[in-house]
Amino acid sequence: MAKKNQATKKVAKTVKKQKPVEIKEELLLQPPRGMRDILPKDQPYWQQVRRVSEKAAADFGYRRIDTPIVEFTNLFTRGIGTGTDIIEKEMYSFTTKGGEKVSLRPEFTAGIARSYIQNGMQVESKPVKMFYIGPCYRYDRPQEGRFREFFQFGCEAFGEQDAIVDAQMIQMAWRIVFQLGIKNVTVHVNSIGCPGCRKQYRNLLVSYFESKRQKLCIDCKKRLEINPLRILDCKEDKCAQVAQNAPQSVDHLCEDCRSHFKDLLEYLDELEIPFEIDPNLVRGLDYYTKTVFELFAGSIVEGAKRNALGGGGRYDGLVKLLGGEDTPAVGFAIGMDRVVNEMKKMGLKTYHPPKARVFLAQLGSFAKKKSLRMFESLERNGIIVAESFGRGSLKSQLKIADRLKVDLTLILGQKEAIDGTVIVKEMASGMQEIVPSVKLIDEVKKRLKK
Ligand code: AMP
């Protein structure tokens with residue numbers, strides 16, 4: 001017995017001695033695949049895209065809306081459609097600690113339509129026009145122009161079925177890329193009809209592709225069952241060849257869809273927007289009806305796979321599908337990452353914020369303290385000021401002022417801080433003057449005007 005006790009004690013001792021094993025996962029100093037930082041050096045491109053897009057949205061009467069990045073998964077499955085690549089393969093979906101099934105938004109339209117219904121926007125005067133800007137997430141294979149986190153700017157108009165709004169959407173999207181300097185853009189348009197005429201067209205398409213089944217890729221063989229329209233824009237060469245002779249949706253539109261499409265083309269002619277009818281353009285989401293369009297930059301080598309800069313279309317059934325009133329709607333999204341890429345390739349102009357024309361230098365601890373407030377009051381009065389408060393030596397601060405090519409340098413030394421004055425130095429002439437702090441703003445403004 002005693003022996004056994006001793007043995008147990010020994011085991012207990014060893015167990016006590018063991019340190020908890022710390023498992024250190026390797027820290028990867030990089031974001032997840034398909035995601036990236038947009039560094040300060042690239043921000044001027046993004047800022048330019050935001051400015052031009054937001055200006056166009058404002059000019060056409062669109063107001064901004066922000067919706068959550070995360071929504072309930074079934075909003076997307078219901079809206080975008082179960083047979084689509086986005087839903088089948090590309091959603092970032094997870095269950096929260098509270099058991100909610102949610103997804104990162106793969107696009108904005110479903111979320112905005114949800115918000116439109118939830119917030120009773122159908123009572124507002126039509127069309128209800130909104131724009132958005134922000135990130136989307138698709139778990140796709142990253143490649144040139146295709147990221148897992150990417151940014152879209154887009155517009156949605158609810159409550160108007162007239163093709164003139166479709167034309168205005170294309171006009172806006174086209175104007176944005178044109179104003180950014182991408183001038184060789186072609187719009188591809190098509191009409192995929194309404195659920196009525198599409199049913200008949202879908203049957204025709206299925207029998208056509210059934211007869212060519214052997215020549216289709218594995219994915220398209222599956223699409224034949226769940227989403228035959230998507231075979232038309234498959235990127236595989238063999239499928240593209242088969243698709244070339246497929247029946248075209250524009251030849252099988254009902255009267256209403258045909259005249260809608262005809263109106264749209266007339267409006268585009270009137271706007272002198274270069275467009276091509278692209279019978280293979282169907283786009284990846286189930287909710288589209290009638291008009292679909294995409295914008296392509298012509299600078300990409302003929303024949304090479306081209307990435308669309310943006311696209312959109314009409315989605316007359318979506319609001320009802322999500323539980324709202326029957327509401328026609330149309331929208332577009334521009335892929336900001338791709339637009340920025342194109343701007344870089346073409347060496348286009350970026351946004352440069354106004355430069356500081358005044359530098360505030362300080363010397364001594366009392367002056368340093370005072371310069372904080374002085375900086376704020378200059379900025380509040382619309383004067384952009386540069387500084388390097390961390391530096392103690394006047395010489396090094398003046399060197400920076402020189403480098404920044406400012407017009408004026410304000411010098412606040414210990415004496416000036418006590419006297420309530422500032423030295424104003426005009427950099428071009430080197431002339432200096434002592435100015436009372438209370439008059440500083442007016443003095444600076446007067447001199448900058450010169
Ligand atoms: P979609 O919602 O698929 O019609 O996309 C609208 C636009 O967003 C496209 O024309 C692209 O410019 C852009 N876009 C879509 N998916 C991606 C992605 N994975 N990476 C970068 N841009 C994308």
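Start by selecting threonine 421, which lies in strand S15 (strands are DSSP runs of E with at least two residues, helices are runs of H or I with at least four, and both are numbered from the N terminus). At 15% relative accessibility, threonine 421 counts as buried; buried means under 20% relative accessible area, exposed means over 50%, and partly exposed is in between, using a 1.4 Å probe and protein chains only. Show what surrounds threonine 421: it touches Leu412, Glu416, Ile434, Val435, Pro436 and Ser437, leaving out residues up to four places away in sequence. Contact here means heavy atoms within 4.5 Å.

A quick word on what you have open: it is a predicted model, in which local features need pLDDT of at least 70 and side-chain atom pairs count only at pLDDT 80 or more, while totals for chains, interfaces and linings use all residues. Residues are numbered from 1 along each chain as its sequence is written, and side-chain values use heavy atoms, with hydrogens and water left out.

Next, select residues 365–380, helix H13. Its 16 residues reach 24 Å from the first C-alpha to the last, close to the 22 Å expected at 1.5 Å a residue (the expected span is 1.5 Å times one less than the number of residues). Stop at serine 371, where H13 bends by about 25 degrees; the bend is the angle between axes fitted to the seven residues ending there and the seven starting there. Serine 371 is also one of the buried residues of H13, along with Ala367, Met374 and Leu378. What covers them? Strands S12 (358–362), S13 (385–387), S14 (408–412) and S15 (421–426) are included, and so are helices H15 (414–419) and H16 (440–449). Just after H13, click on glycine 382, which takes a positive phi of about 80 degrees.

Now go to the ligand. Which of the 14 residues around the ligand come nearest? They are Arg138, Phe147, Gln152, Arg283 and Ala308; being near takes a heavy atom within 4 Å. At glycine 310, a polar backbone atom is 3.3 Å from an oxygen atom of the ligand. The protein covers 92% of the 480 Å² of accessible area that the ligand has on its own.

Glutamate 149 is buried, with a relative accessible area of 16%. Its side chain makes a polar contact with the side chain of tyrosine 137, at 2.7 Å. Other residues that glutamate 149 is in contact with include Gly34, Met35, Arg36 and Asp337.

Finish with some backbone stops.

- Lysine 126 and proline 127: a cis peptide bond joins them, with omega about -5 degrees. Proline 127 is in the loop between helix H5 (109–118) and strand S5 (128–137).
- Glutamate 272: it has a positive phi of about 55 degrees although it is not a glycine. Is glutamate 272 buried or exposed? It is exposed, with a relative accessible area of 67%.
- Lysine 290: find it in strand S9 (residues 289–297). Its phi is positive too, about 50 degrees, although it is not a glycine, and at 7% relative accessibility it counts as buried.

Note on methods: A polar contact is a pair of N or O atoms within 3.5 Å; within protein, one must be able to donate a hydrogen and the other to accept it, and residues adjacent in sequence count only if both atoms are side-chain atoms. Accessible areas come from the Shrake-Rupley method with a 1.4 Å probe; for residues, only the protein chains shown count as cover.
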